[in-house]
Amino acid sequence: MGDAELDYNVVFPEPHLAESHWHGQKEPVVILLGWAGCKDKHLAKYSSIYNEQGCITIRYTAPWKAVFFSEAFGSKELLEIARKLLDLLYDYEVESNPILFHVFSNGGFMLYRYIIEHLQREEHLSTLGVVGTILDSAPGNQNVIGSVRALNATLGPETHTVLRYPILAVFTCMVFLLRVVLYSLTKYIHKNHYDAMLDDPTSWPQLYLYSRADKVIAHRDVELMVRARKQRGVRVESVDFINSDHVSHNRLFPEEYSVRCVTFLEYCLKNSTGIKRKHVSM
């Protein structure tokens with residue numbers, strides 16, 4: 001478990017498992033950034049895909065209040081969290097291992113945006129060997145209805161109606177005002193995550209896993225981002241699961257999901273400059 005400041009989970013593979021997959025070479029580190037309100041037991045199902053391949057995994061989900069409220073007002077909370085997550089690589093002495101990000105929904109994507117900012121701004125972080133990124137049900141752009149649905153799901157059944165509806169009402173008004181009505185002005189102070197990442201300068205491969213049945217993240221937003229990344233010369237793969245709901249692709253199609261993630265990891269390792277890895281077996 002993490003410390004008092006950052007509630008995360010890190011899993012190191014059993015030595016024999018790491019050896020059987022990586023033959024003495026440095027294991028990949030997979031950093032999983034959960035969706036808003038994600039319980040760790042759910043995120044652990046995804047990290048197990050990589051643990052079974054002898055990878056090191058770090059799981060973290062940003063506080064839902066930071067995702068839904070602090071970020072809308074341009075708070076630096078997620079920026080600070082992103083820096084602490086990168087510090088973990090040094091704390092556990094895995095900063096020289098190849099790194100893959102697995103990002104879920106806008107909650108994970110907002111945090112990923114600030115990780116990229118740190119990697120670009122801080123010179124000593126530029127030596128980290130990021131090999132690729134997988135994006136599940138992300139990113140979405142200015143979808144007020146989808147955002148409200150996401151917050152409603154995050155609040156869960158345990159939140160009393162007396163609190164639920166005022167929170168949703170305040171959030172809806174805030175998002176509509178700051179991210180729609182006034183965004184032509186506020187974007188000069190604080191761009192939203194989507195617009196900021198349209199200019200993402202990184203060039204490592206990306207895999208987008210999404211669905212046109214997603215009621216939270218519009219498939220058109222994902223497809224637009226895919227086109228934008230391709231126009232920047234990034235190698236991009238995308239998979240439309242067609243009928244799976246938001247962050248439910250693995251639940252409905254577990255075998256295909258796992259194969260695509262592991263195959264993508266294998267591709268990234270083989271094609272990263274200076275990194276050669278043994279075949280990743282399923």
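This report describes a helix packing and the aromatic pairs in a predicted protein model.

Residues are numbered from 1 along each chain as its sequence is written, and side-chain values use heavy atoms, with hydrogens and water left out. Because the model is predicted, local features need pLDDT of at least 70 and side-chain atom pairs count only at pLDDT 80 or more, whereas totals for chains, interfaces and linings use all residues.

**Overall fold**

The protein contains twelve helices and seven strands, taken as DSSP runs (helices H or I, at least four residues; strands E, at least two) numbered from the N terminus. Of its 282 residues, 55% count as buried (under 20% relative accessible area, with a 1.4 Å probe and protein chains only). Among contacts with a separation of 6 or more, 79% join residues 24 or more positions apart; contact means heavy atoms within 4.5 Å.

**Packing of H4 and H5**

Helix H4 (residues 77-91) packs on helix H5 (residues 105-121) at an angle of about 65°, and the axes lie 8 Å apart. The axes are lines fitted to C-alpha atoms over the stretch in contact, with angles from 0 to 180 degrees between N-to-C directions. H4 and H5 are therefore roughly perpendicular to each other (65 to 115 degrees). On the H4 side, Leu78, Leu79, Ile81, Ala82, Arg83, Leu85 and Leu86 take part, and they meet Met110, Leu111, Tyr114, Ile115, Glu117, His118 and Leu119 of H5. By class, this contact comprises eleven nonpolar, one polar and two charged residues; Ala, Val, Leu, Ile, Met, Phe, Trp, Tyr, Cys and Pro count as nonpolar, Asp, Glu, Lys and Arg as charged, and the others, Gly among them, as polar.

**Aromatic pairs**

Rings of Phe, Tyr and Trp (its six-membered ring) pair if their centres lie within 6.5 Å, and planes over 60 degrees apart count as edge-to-face. Two such pairs are tabulated below.

| Pair | Centre to centre | Angle between planes | Geometry |
|---|---|---|---|
| Trp35 and Tyr46 | 6.2 Å | 80° | edge-to-face |
| Phe101 and Tyr112 | 5.5 Å | 65° | edge-to-face |

Trp35 lies in the loop between strand S2 (29-33) and helix H2 (40-51) and Tyr46 in helix H2, so this pair ties together parts that are eleven residues apart in sequence. Both Trp35 and Tyr46 are buried. Phe101 belongs to strand S4 (residues 98-104) and Tyr112 to helix H5, so the pair ties together parts eleven residues apart in sequence. Phe101 and Tyr112 are likewise buried. Ring pairs also link Trp35, Tyr46, Phe104, Phe241, Phe253 and Tyr257 into a cluster.

Methods. Parallel < 35°, antiparallel > 145°, perpendicular 65-115°, else oblique. Phe/Tyr/Trp six-rings, centres within 6.5 Å; stacked < 30°, edge-to-face > 60°. Buried < 20%, exposed > 50% of the residue type's maximum accessible area, 1.4 Å probe, protein only.
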